[in-house]
Amino acid sequence: MSDRVINNIYDAIYNENYRLAITLSNKALKKFHNDPAINAMKSLALVKLGKQEEAEELARSVVETKPVDETILQALNLTFKGLEKYDEIVELFKNAFEADQTNEEYANQYYMALTKVNNFELQKQTALKLNKLFSNSVVNKKGKYFCWAIMSSILQSRYQKDCPKALIDKLSEQMILKAIEKNFIIDYEGLFMYLTILMNQDRNKEALDVLNGELGSKCIKIEIERNRLNIELYRKTKQWNKLIEVCKTIIENNDHDNFNCFYNIIDALFILLEENVLAIDYLNNDTFISVYDWIKKIQEEELKNGINKIKRAPFIAEIELEKRIIDMTGFAMEKHKNIFINYIKKFGDKYCCFEDLIPYFDMLNSDELLDSFKTEMNSLIKTNDMTVNDIQRNINIEKINFYLGYDINNEDEMKNYVKKLISLYEDTLPFGAKLEDTERQFGDDYLVLAASLLIDYYRSTKKICYVYLAIAILEHGLEKSKFNFQFKIILMRLYSILGDVFRTTDLSRSLNLRSIQFDTLSFLYTEGMDSLSITQIPLQIYNLGLSIYKSNHIETPDVITQAYKNETYSKIIEILDFYNRLNNSIQQVLYHQQIIRIEILQIFNSIDKVNKYLTSIDDKYIDITDDYLSKCTDNRDYKVFANWKKDDINLEMKIRCRPMKNILWIQLFGLIPKILKYIALKNIEQVKTDEEKLENLLNKDNLAIEILPSEIANGKIVCEFAKFVIEANNSKETKEISACTSFENILKLFKEKVNSLINIKPSIDITFNIIELCTSILEAINYIVLFIHYASNISPSRKSKNLPWVVNIQEKKTQFAEEIKEQVNAFDCYLIELSKLVNSKKNKGNEAIKEIFGVDGTLFDNLMNENSELLSKVFDHCQNSWNVSFDNIVKETEIKMKLF
């Protein structure tokens, strides 16, 4: 084989012309039959084309030849990396290393492959072997391989289950002491390993001595690192006076805005007070007086810098200090109100002012003090000759009033307050006339407050018109502030309440989420999408979201290997924690289960297709064990919403279209497809096990926290199906004729579902709940079709075809099928009527809005400019999405009717 052949194939892959690469490979293989280098290149091209199975088979055949050629090794490395088969990479480089143990490059490649599979014990043994084999190499001059072994031992103690942790920690300590003796520990990264070993054994005092001793001084060149570790260790060793001193030193070293240090000082101070004196004696405590005076001194230094350069942390520290005093004594005084007022005067023109003060409003613990504060604060509102700074201060004051509670007693008063907020917003628009498109209008938060109030009234009155108004207000604001994040996330949730997939999707795409945000923020718009009978859009969104987990598998191991190469050991634990948190994310499981749920609905046009799909489902995301759940991490960020009202539940919870999916939902939607899969595979023992799990789950009292009633009912239908399968499998020729109640139970459950829908009078007050109920009935029909098909094939033995039990089952099945058809027909008629009603309102938004608002219509006339046009546009958005949802449900229902 010539290098020219390989180079041509490589060039094709490099230029992303993968089909050409395969063509060239096939052509070359005719001449150089089964050549490992060509096969390695071909396997890489196959991976790039998404032909994983073919690529894996070919790559493994090359691995079996135990190649040592660099070209082959690197091609196979990239192939297995694309396949996420890191164990195969380990085997690949292990073979190469064992073939030539003098080759330091192969040795390094083998060790780096091990770091990707988290085999810490083997990592340690291999690093020690490398240290012995290459003790005099340039790479290992400063004990690099020995330090790799130490770090591997630390990771083994931290992450490996059921390992002798105490023994491993002792071994790690012996190794690090040997490294110190050999002068391998010369920088922060080496010191980090030593401190970690000591802290893992709760020997924090010794860690402090090392940190502040000769070795610490030698290794730490940046004092900020020593200070950070000192703070952590002083807290662990409860050396509160030293904690106060080190934090003071950091702040005095030109770091007046270090909130963390101020909080540490106050924490330490009050722990000392509780340990040494009675609460009422704090005014006579020297440490308290010293800290209080020191905070005042820092404030004075800040005030000298001028009003526009003042750091906030010293002033927040004073409020925190006073809050702790009130927590201890229970007494609030006039001065506490004055501290708030002074803070608003100094920082009210900063966006963060309101958020800074939220944790402290409970300090105003009497009506008299609170009323006095509101009166004095409201006197700071400026209405004439305003500047942008005045607008921000006014907004912060409005937020504080809103948070503390307005006295609104009826819908008229609510309407007037909403109109006031909109008017305040309109007054600020001239100040933002020259803002860039990417900037927010100065008064945007007034609209968020207005929408929040309307949402509260929607929840208390169940009037859907308030949702439309909140949407119209925020859409109005979005026209001016096209990148306002709060507008978009609230709008997405409100459109989800109305069951609008299209506008929700448009808004989600405009967020332009990247990387980790798919894990932390996508729940804002994906929670109910799988319940609205629109398939392609959710599938695209879920698969896009899954890309972050694939990137985590492929890219994060490379970051870890790079940390070993660069000897930045302090980063490795941080990276591994991130990797595990993302790898075990609940959102990842939800993506997969929602995809399975939608695809079952999508594929259900023949029994054979459904069974083929069910049997192909990977157990990884449906076999939900207790061990699996114990590892799950919830990385969803629930705090992104503006929570500007003191309430038992926050804004995020108020505007959910459904209960938040969590562990119970994951269990249910793991068990449903899993049971159906193993029924299709005729694995009755597994069905028995999972039916018991499902029944136990359905008997839990707290299901409604996460699961909708319609979803619970579908779980019960599948549970009855499983019971029937088990009973049929256990049946004998003497089986009682009266046996098997699954037909009656499923029919009852299905009738209840259909009746719960058709008892709702068809109207254009469409919401997520209506469409979700229709979709869940469609799902139930799918399960029942499978059930009837299974029952049709019941025959315990060839000779029992006409025995009483079998005859009885067939009679029951026939009668059951007829009654189910009646219910499906009723469902279909209702759907057609509702679909016609929705279609009739196409491009008739104004007319529809009048119907939806009814007598409340006049209440909100002229709420804002172009009020009716905005509301009409909102309805038109929704009507388009509803139309597609109902058309799909009607179409799918008619397909199912042919399968009975």
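1. The model under review is a predicted one.

2. The side chains of Glu252 and Lys297 form a salt bridge, with an N to O distance of 3.8 Å. Glu252 belongs to helix H15 (residues 240-252) and Lys297 to helix H17 (residues 286-303), so the bridge ties together parts 45 residues apart in sequence. The structure holds 58 salt bridges.

3. A salt bridge between Asp349 and Lys350 has an N to O distance of 3.4 Å. Asp349 counts as buried because its relative accessibility is 16%, while Lys350, at 27%, counts as partly exposed.

4. Lys661 and Asp530 meet through their side chains at 2.8 Å, N to O. This pair links distant parts of the chain, 131 residues apart: Lys661 sits in the loop between helix H35 (651-654) and H36, and Asp530 in the loop between helix H29 (523-526) and H30. Lys661 has 0% relative accessibility and so counts as buried; Asp530 is buried too, at 1%. Through shared partners, salt bridges join Asp530, Arg597, Arg658, Lys661, Glu711 and Glu779 into one network.

5. The largest cavity has a volume of about 100 Å³, and there are 6 cavities of 30 Å³ or more. Arg597 and Glu779 are among the residues that line the largest cavity, as are Gln593, Phe669, Pro673 and Tyr783. Two or more lining residues come from each of H32, helix H36 (663-680) and H40. H32 has the largest share, with 5 residues. By type, the lining divides into 7 nonpolar, 2 polar and 2 charged residues.

6. For the largest pocket, the volume is about 1,300 Å³. Its lining has 37 residues, and those nearest the centre are His553, Asn583, Gln588, Lys620 and Tyr621. Helix H30 (536-566), helix H31 (570-583), helix H32 (586-603) and helix H34 (626-631) each give two or more residues to this lining. The largest share of the pocket lining, 6 residues, comes from H32. The lining consists of 13 nonpolar, 13 polar and 11 charged residues.

7. The largest nonpolar core has 193 residues, of which Phe373, Tyr468, Ile490, Leu494 and Phe886 touch the most other members. Helix H40 (residues 768-792) gives the most to this core, with 15 residues. Apart from this core lies another, of 114 residues, including Ile185, Val210, Leu229 and Trp240. Not counting residues up to four places away in sequence, Phe373 touches Lys337, Phe340, Ile341, Ile344, Phe361, Leu364, Ile400 and Leu404.

8. Asn394 lies in helix H22 (residues 388-404). With a relative accessible area of 6%, Asn394 is buried. Leaving out residues up to four places away in sequence, its contacts are Leu380, Ile381, Lys382, Met386 and Tyr446.

9. Cys740 is in the loop between helix H38 (709-730) and helix H39 (742-758), and is buried at a relative accessible area of 4%. Beyond residues up to four places away in sequence, Cys740 touches Phe724, Glu727, Ile809 and Lys812. The C-alpha atoms of Cys740 and Asn808 are 9.4 Å apart in space, with the two residues 68 apart in sequence.

Technical notes. Residues are numbered from 1 along each chain as its sequence is written. This is a predicted model: local features need pLDDT of at least 70, side-chain atom pairs count only at pLDDT 80 or more; totals for chains, interfaces and linings use all residues. Side-chain values use heavy atoms; hydrogens and water are left out. A nonpolar core is a set of buried Ala, Val, Leu, Ile, Met, Phe, Trp, Tyr and Cys residues joined through side-chain atoms within 4.5 Å. Buried means under 20% relative accessible area, exposed over 50%, partly exposed in between (1.4 Å probe, protein chains only). Helices (H or I, at least four residues) and strands (E, at least two) are DSSP runs, numbered from the N terminus. Contact means heavy atoms within 4.5 Å. On a 1 Å grid over the protein atoms alone, a cavity is a set of points where a 1.4 Å probe fits but cannot get out, and a pocket is an open set with protein on both sides within 12 Å along at least five of seven lines; lining residues have an atom within 4 Å of a point. Grid points are joined across faces, edges and corners, and a volume is the space filled by probe spheres set on the points. Ala, Val, Leu, Ile, Met, Phe, Trp, Tyr, Cys and Pro count as nonpolar, Asp, Glu, Lys and Arg as charged, and the others, Gly among them, as polar. A salt bridge is a side-chain nitrogen of Lys or Arg within 4 Å of a carboxyl oxygen of Asp or Glu.
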